[in-house]
Amino acid sequence: MIVGTAGHIDHGKTTLVKALTGVDTDRLAEEKARGITIELGYAYLPLADGEVLGFIDVPGHERLVHTMAAGASGIDFALLVVAADDGVMPQTREHLAILGWLGVTRGAVALTKADRVDASRLTQVRDEIAALIAGTFLEGAPVFTVRAQEPGDEGTAALRAHLEREARSVAARRREGFFRLAVDRAFTLAGVGTVVTGTVHGGCYALGGSEELRLMPANLPVRVRSIHAQNRPSERAAAGERCALNLPGVAKEAISRGDWIADARCFLPTRHLDVELALAADAPALGVRTPVHVHLGAAHRLAYVVPLEGDLLSSGGRGLVQLVFEAPLCAAPGDRFIVRNAQANRTLGGGRVLDPYAPERKRRSPRRRAWLEAITRLLEGEGLGPLLAQAPYGVDEALLERLLAAPISAAVLPPEALRVQGARGAAWILPEHWEALADRVLAVLERQHERVPDDPGVDTQRLRRMVDALIPEPLWQGVLDALASQGKVARSGPWWHLPGHAARLAPEEEALAARLLARLEAGGFDPPWVRDLARAEGVPEETVRTLLRKLARRGEAAQVVKDLFYAPRRVRELAAIAAELAAAEGGVQAARFRDATGLGRKRAVQILEFFDRIGYTRRVQRRGQDAHLLRGESTAPFSEI
């Protein structure tokens, strides 16, 4: 269990932690000289059962509330400290509000410096504390009167015993999720290298594990050489523990407070978070593009607010807003945060993340609102059913895992949900959405055949655009494969069509087509132009041109430029040459392609531009020269011709 202190400056938080653990958390010379905590301090208390209590001692100074917020993120138990001589002070109230906004639900109160006041003052401060915590998560929590500087103080002993009981009863944080540690410190040790410390917010990582870890949002792969958990060497780091990770090969300068060490499946960097935000009653209203400071995990970032329900989030109100950040960060649904004003001298409110991958456009649409309501239900334990109900095109499995911050095997899925496997991943969809999508594909093909009966069909990506370009790639490939296996659609080369549909040629066209294709094949890499074919066959050029275009639509010829067509086999051979050059040289240049094919430069450029046009390659500039790079899916078009 991790215990976090909270309270006004100079109310005895650090002294109390030292009395409980024997550790002085003021580690900086400036802290020693000034007698106040400036940075986060850490201490550990071994328990009789072998477990270890971790303490995070936070600063109470108003100007250091941002540091307090970083420490409070991820704690299990709050220890609110109130000095008997001062009583409840401004930072006492602010810290308590921050703890509530960060979702802390367990805690106790320590009434310190009891040796400095009389009994009537103690009673008065107890009344202040009761009024303060009424209606908060601390209402009804025990209040311990302590004299932390007195050896053998009974109040301190009673508090320690209470913390030990709480540690035994606290439920373990969810450990089946993806591992993620919020970095709050990074430093180097001689002979060890770079070390990061922080609180593990989810999952469990064991040394030598198969999981791939990344430094996020930089997306830099990292390796863990050793682990300290709760101030002891350990073979694993688990949710709810403070841990130090030794990261060989990573420069300290590459890491900042607020970064994450996380499972590679857990996060994508983002600049737009849709969140649920509650404002304090005395906070000013937040309008469109109001600048704020956001504290999330150990991160402190600048953002501006875009209300999603009207143009204003009122004082004391709660609502949906989008936080737009100046720089990328990482978050998971359910993560808690606080916001402070633009001057960073006043805490305005706090809330929780709903969708960390929010769109910049159409963010207020009814569909978007329904999606956020479904995520809210997911966070409340209803599983993925509400999300899938709002997803007519299903949801990529990788996105579902990021929304869960856990592998899909840990999800609560509707029993009827379908998993659709595509070449580039999987997606999940409800049967009614699946059937509606399949019907839509068939209807689009039927209309296309009626409109252009001579066309052989529609290629994969054009058909996707005609149905809906927003359909995720895994789902799109899956629905086509399923329809084909059921015999509801067919494929001829690159063209999708309904069974029985074909672009038919008249008998005289069939005979001419056979002769033209033979001449193209015989022409190799330098086939005859339309005018040459027309002269050889004794027919008008327009007749040859129209027929070859029909053959190209059927996938039986390839039009490289106007009036120049190639046989499919020759295109595949040219594509193979380009692939060999790309593999050997990292790209294809026109001069090297010209030499490899024996063609002139002009023809080599025409063919490479044809490859760019059909998506086999893409052109880039390198050192002032054009080069053509193979796309990831480049082999597909030519296996289908």
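Which residues of S5 are buried on one side and which on the other?

## The model and strand S5

This is a predicted model, in which local features need pLDDT of at least 70 and side-chain atom pairs count only at pLDDT 80 or more, while totals for chains, interfaces and linings use all residues. Residues are numbered from 1 along each chain as its sequence is written, and side-chain values use heavy atoms, with hydrogens and water left out.

Both faces of S5 are covered, with Gly107, Val109 and Leu111 buried on one side and Ala108, Ala110 and Thr112 buried on the other; buried means under 20% relative accessible area, exposed over 50% and partly exposed in between, for a 1.4 Å probe and protein chains only. In a regular strand the side chains alternate between the two faces of the sheet. Strand S5 spans residues 107-112, and six of its six residues are buried; strands (E, at least two residues) and helices (H or I, at least four) are DSSP runs numbered from the N terminus.

## The partners of S5

Strand S4 (residues 77-83) pairs with S5 in the parallel sense over six bridges, where pairing requires that DSSP finds at least two bridges between two strands. In this pairing Ala83 stands opposite Thr112 of S5. S5 also pairs in the parallel sense with strand S6 (residues 143-145), over three bridges, and here Leu111 stands opposite Thr145 of S6.

S4, H4 and S5 make a right-handed β-α-β unit, and S5, helix H5 (residues 119-133) and S6 make a right-handed β-α-β unit as well. A crossover is right-handed if, with the strands pointing away from the viewer, the path from the first strand over the helix to the second runs clockwise.

Leaving aside its neighbours within four places in sequence, Leu323 is in contact (heavy atoms within 4.5 Å) with Arg271, His272, Leu273, Val275, Val294, Tyr304, Val305 and Phe337.

## Aromatic rings and charges

The structure holds four aromatic pairs, where rings of Phe, Tyr and Trp (its six-membered ring) pair if their centres lie within 6.5 Å, and planes under 30 degrees apart count as stacked, over 60 as edge-to-face and the rest as tilted. The rings of Trp260 and Phe267 have their centres 5.3 Å apart and their planes at 50 degrees, so this pair is tilted. Trp260 is buried at a relative accessible area of 1%, and Phe267 is buried at 3%. The rings of Phe611 and Tyr616, with centres 5.2 Å apart and planes at 65 degrees, form an edge-to-face pair, and ring pairs link Phe610, Phe611 and Tyr616 into a cluster.

The charged end of Arg289 sits over the ring of Tyr304, 3.7 Å from its centre, and that of Arg402 sits over the ring of Tyr357, 5.3 Å from its centre. A charge sits over a ring if NZ of Lys or CZ of Arg is within 6 Å of the ring centre and within 35 degrees of the ring normal.
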